[in-house]
Number of protein chains: 2
Amino acid sequence: MELLKQKIREQGVVLSAQVLKVDAFLNHQVDPVLMQQVGVEFARRFAGQGIDKVLTIEASGIAPALMTALALGVPMLFARKQQSLTLGGELLTARVYSFTKQVESTIAVAASHLAAGERVLIVDDFLAHGQAARGLATIVEQAGARVAGIGIVIEKSFQPGRGELARLGYRVESLARIASLDGGAVRFLD
Amino acid sequence: MELLKQKIREQGVVLSAQVLKVDAFLNHQVDPVLMQQVGVEFARRFAGQGIDKVLTIEASGIAPALMTALALGVPMLFARKQQSLTLGGELLTARVYSFTKQVESTIAVAASHLAAGERVLIVDDFLAHGQAARGLATIVEQAGARVAGIGIVIEKSFQPGRGELARLGYRVESLARIASLDGGAVRFLD
């Protein structure tokens with residue numbers, strides 16, 4: 001997605017060979033027009049898949065997931081992290097390890113919002129080790145629903161997430177694939 | 001806003017005389033079409049105010065704030081809560097007390113994303129005691145920017161938040177104002 005790559009080139013900051021900071025347009029300050037185009041692009045790529053719901057995780061996944069849900073004409077659902085759990089009723093949960101923060105945490109969704117047989121598109125802002133996406137997929141499958149695909153805004157293709165998700169049989173669509181951040185420069189895969 | 005009131009009547013769950021659960025369409029599962037209309041309505045109410053940016057707080061504020069920013073044609077910025085702080089660089093912070101969780105926490109915004117002189121519209125999903133909105137306003141003023149107004153999706157008018165914010169001189173626009181949740185029923189103010 002050319003507009004996204006352009007934003008990354010212009011406003012992304014390479015903090016290390018592993019870390020790309022995109023807090024100017026994606027995960028702190030957010031560009032709503034870019035998010036709208038991200039949503040339209042995911043809707044195009046997953047058209048005809050009979051998506052019933054878009055699932056993401058707070059907080060940075062919410063903007064792209066909301067716009068994707070709008071473009072698909074379906075509801076969006078965001079999983080809560082442990083510390084912000086104010087959900088009552090029966091929960092579907094998964095344990096997710098964060099390599100950035102080096103802590104394992106629980107994510108949760110109210111069971112009442114995922115029904116057996118639904119086709120769920122998972123959307124997230126970043127794919128690195130794939131832990132968040134795997135946790136969300138686990139929750140979908142606990143509900144007896146099905147993962148129709150995984151849409152990622154920025155994939156760090158030099159980390160193992162995509163390979164792991166592909167190995168588990170999930171279709172992954174990433175709008176920008178980063179081959180390397182070596183030497184402080186962003187090099188895209190395609 | 002009639003569509004919002006209708007959603008509250010149909011899908012809201014009164015948990016107590018203080019607590020209205022709207023996790024079917026606002027703060028867990030999210031209705032993107034409703035959020036789009038919320039954004040258009042805030043943009044209409046604050047038209048001509050020269051808004052430069054929409055500011056909210058993760059996680060439930062992001063959906064209405066994003067749609068408001070889209071309708072106004074400006075960026076959206078969401079404050080981070082302490083536990084999800086991965087921001088580097090200089091921060092603007094405020095202490096916010098949560099009556100729901102009975103804990104005080106720190107919220108933060110990267111100083112680089114708020115400039116002196118900017119006119120900032122604060123958007124949030126709920127107004128009860130007004131602590132989150134006041135914390136966000138404090139951050140705006142630390143930056144030398146100006147609070148152009150506060151847009152609230154659901155106001156619990158029987159709690160002191162609106163009065164506090166009005167006393168401080170802020171213009172508050174709420175799309176649904178709830179007079180009471182007594183007896184398990186939602187009664188609107190207007």
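Start by selecting Arg187(B): leaving aside neighbours within four places in sequence, Arg187(B) is in contact with Ala179(B) and Ser180(B). Contact here means that the C-beta atoms of two residues, placed from the backbone, lie within 7 Å.

Before you click further, some housekeeping. This is a predicted model, in which local features need pLDDT of at least 70 and side-chain atom pairs count only at pLDDT 80 or more, while totals for chains, interfaces and linings use all residues. Residues are numbered from 1 along each chain as its sequence is written, and chains are lettered from A and ligands numbered from 1 in the order in which they are written.

**Stop 1: still on Arg187(B)**

Arg187(B) sits in strand 11 (residues 187-188) of chain B. Strands (E, at least two residues) and helices (H or I, at least four) are DSSP runs, numbered from the N terminus. Is Arg187(B) buried or exposed? It counts as exposed, because it has 12 C-beta neighbours inside 10 Å. The scale goes like this: with C-beta atoms placed from the backbone, a residue is buried if 20 or more other C-beta atoms lie within 10 Å of its own, exposed if 12 or fewer, and partly exposed in between.

**Stop 2: helix 3 of chain B**

Next, pick Leu72(B), which belongs to helix 3 of chain B. With 23 C-beta neighbours inside 10 Å, Leu72(B) counts as buried. Not counting residues up to four places away in sequence, Leu72(B) touches Ala43(B), Ile51(B) and Val54(B). Phe25(B) is 47 residues from Leu72(B) in sequence, and C-alpha to C-alpha they are 23 Å apart in space.

Now widen the selection to the whole helix. Eleven of the eleven residues of helix 3 of chain B are buried, so this helix is largely enclosed by the rest of the structure. Among them are Ile62(B), Pro64(B), Met67(B) and Thr68(B).

**Stop 3: where the chains meet**

Show both chains. How many residues of chain B are in contact with chain A? There are 27, and they meet 27 residues of chain A. On the chain B side, strand 3 (29-30), helix 2 (32-45), helix 3 (62-72) and strand 5 (76-81) each supply at least two residues. Helix 3 of chain B gives the most, with five residues. Sorted by class, the chain B side has 16 nonpolar, eight polar and three charged residues. (Ala, Val, Leu, Ile, Met, Phe, Trp, Tyr, Cys and Pro count as nonpolar, Asp, Glu, Lys and Arg as charged, and the others, Gly among them, as polar.)

Then select strand 5 (residues 76-81) of chain A, which pairs with strand 3 of chain B in the antiparallel sense over two bridges. Pairing calls for at least two DSSP bridges between the strands. Look for Met76(A), standing opposite Val30(B).

**Stop 4: strand 5 of chain A, other partner**

Within chain A, strand 4 (residues 53-57) pairs with strand 5 in the parallel sense over four bridges. Here Ile57(A) has Ala79(A) as its bridge partner. Strand 5 of chain A is mostly covered, with six of its six residues buried.

**Stop 5: two helices of chain A**

Finish with Leu3(A), Leu4(A) and Lys7(A) in helix 1 of chain A, which meet Leu34(A), Gln37(A) and Val38(A) in helix 2 of chain A. By class, this contact has four nonpolar, one polar and one charged residues.
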